[in-house]
Amino acid sequence: MEINKFKIEYWLNPYDDKARYNLGSSCCKPVTLRELLELTNTDRDMFFQELENMSMHYGYFEGMPRLKKAIAGLYTDAVTPDMVLSVHGGTGANSIVCYTLCQPGDNIVSILPNYQQFYSIPEALGTEVRIFNCDETSGYGLDMDRIRSMVDEHTKMINLANPNNPTGYTLNRKQLEDLIHIARSADAYIVCDEIYRGLSGEYMYSICDLYEKGICTSSASKVFSCAGTRIGWIVTRDPSIKDAMMNMRSYNSICEGPINELIAAIALENKEVFYKRNKAITDAGREILQEWISAEPHFRIACDSMSSTSYINYDFDMKAEEFAQKLYDAKGVLICHGGCFEQDKSFRIGYGFGDADYLKAGLLNISQFVKELEASGEIK
Ligand SMILES: Cc1ncc(COP(=O)(O)O)c(C=O)c1O
């Protein structure tokens, strides 16, 4: 099978632990196991006793019941634990969904910017991929009329990330309902990657709350600060597609490790702790970014973000990848360039890591670098 390179992984991974200022990541400050236990008031002795006695046999086919219950607790009453599948990360979730739904002869509508799995896997599987690109002219929102004109009786799914990665733009309930109306007319699934959901301070509607053919993918990596557990999940109210995905998952990984599931369950059972902690971190980061950008003539924030990242457009003539590479080479600042999202003259800044001084220093280095580019005549 031929598949395009996963651009964001190939760009970030070589520099991830070497960058002087890593503003490329989108995770909210990861916790150590000790911090997790402290933050959630978990009894250490009981926790370690449970680990000691845990059988190292296979885990649970659909996911640890305690974890599935905690996952269902992230949504309205429309979602119950039997609608949940525990899988290997958000990437595992997206991958299983795409492999289950996509085949030659069908088409999908992918709303960009998006996580690359959602268009590169379907394309590799021979499915026609119809791209709707959100951009600055529409404030990164959806043009429902255009999307309506893109679906037909062969449309298997509409996929998107909500909150968006990289922009942080978030569709509200009414916008989701408008999209559902379109999907329903074509009997299509809506697959929504909601990995950044939970940082707005109020309940954020999930596609699974609202649509009987909604499929939500997510994980413990971002908002729950537990990427190391590699626990992700898929939620759907449609039993037939859940069964098809479970079959696909059997080929893919059988089940998750119960130690990881237990740790993720503890984090999710205490969702409010993480929402509050990471909202405070991301609000503070966004404020620093806004202050910095207000004094920057070449940069502008794409749109309001409800996530751990914001997207920045620039006005000078240099390709996104070239700018990011030169910035890294000159200053050791790692940003996520627009090419990772099929966009140009733009980049993503992540501020979930929770260190104001580090963020300010990284941004200052970007300012200095742009001044140096101007002085050398490379940009105007
Ligand atoms: C939108 C989106 N989906 C999925 C993932 C992958 O998540 P995980 O680490 O849980 O595999 C990421 C990671 O950056 C992401 O940004």
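Mentor: Helices (H or I, at least four residues) and strands (E, at least two) are DSSP runs, numbered from the N terminus. The model is predicted, with local features requiring pLDDT of at least 70 and side-chain atom pairs pLDDT 80 or more, while totals for chains, interfaces and linings use all residues. Residues are numbered from 1 along each chain as its sequence is written.

Trainee: What is the strand order of the open sheet of 7 strands?

Mentor: Two strands pair if DSSP finds at least two bridges between them. In this open sheet of 7 strands the pairing is mixed, and the order is E2-E8-E7-E6-E5-E3-E4.

Trainee: Which strands stand at the edges, each with a single partner strand?

Mentor: A strand with a single partner has one side left without a neighbour in the sheet. This applies to the run 84–88 and to the run 128–133, so the edge strands are E2 and E4.

Trainee: What does the twist average from one strand to the next?

Mentor: The angle is taken between axes, which are lines fitted to C-alpha atoms (for helices over the stretch in contact), and runs from 0 to 180 degrees between N-to-C directions. From each strand of the sheet to the next, the twist averages 20°.

Trainee: Which residue in E8 stands opposite Ser86?

Mentor: Strand E2 pairs with strand E8, residues 231–236, in the antiparallel sense over 5 bridges. Opposite Ser86, the residue in E8 is Trp233.

Trainee: Which helix lies across E2, E7 and E8?

Mentor: Contact here requires C-beta atoms, placed from the backbone, within 7 Å of each other. The helix in question spans residues 239–252 and runs at about 25° to E2, while also lying across E8 and strand E7 (214–219); it is H10.

Trainee: How many residues of strand E10 are buried?

Mentor: A residue is buried if 20 or more other C-beta atoms lie within 10 Å of its own, exposed if 12 or fewer, and partly exposed in between, with C-beta atoms placed from the backbone. E10 covers residues 309–314 and is mostly covered. Of its 6 residues, the number buried is 5.

Trainee: Which residue in E13 stands opposite Ile312?

Mentor: E10 pairs in the antiparallel sense with strand E9 (residues 299–301) over 3 bridges, and Arg300 has Asn313 as its bridge partner. E10 also pairs with strand E13, residues 346–350, in the antiparallel sense over 5 bridges. In E13, the residue opposite Ile312 is Phe347.

Trainee: What is omega for the cis peptide bond that joins Asn165 and Pro166?

Mentor: Most peptide bonds are trans. The loop between E5 (155–161) and H8 (173–185) holds Pro163, which is joined to Asn162 by a cis bond with omega about 0°. Pro166 is found in the loop between E5 and H8. For its cis bond to Asn165, omega is about 20°.

Trainee: Is Asp187 buried or exposed?

Mentor: Asp187 lies in the loop between H8 and strand E6 (189–193), and has a positive phi of about 55° although it is not a glycine. With 11 other C-beta atoms within 10 Å, Asp187 is exposed.

Trainee: What is the phi of Ile254?

Mentor: Ile254 sits in the loop between H10 and helix H11 (258–269), and is exposed, with 10 other C-beta atoms within 10 Å. Although Ile254 is not a glycine, its phi is positive, at about 65°.

Terms used
Two residues are in contact if their C-beta atoms, placed from the backbone, lie within 7 Å.
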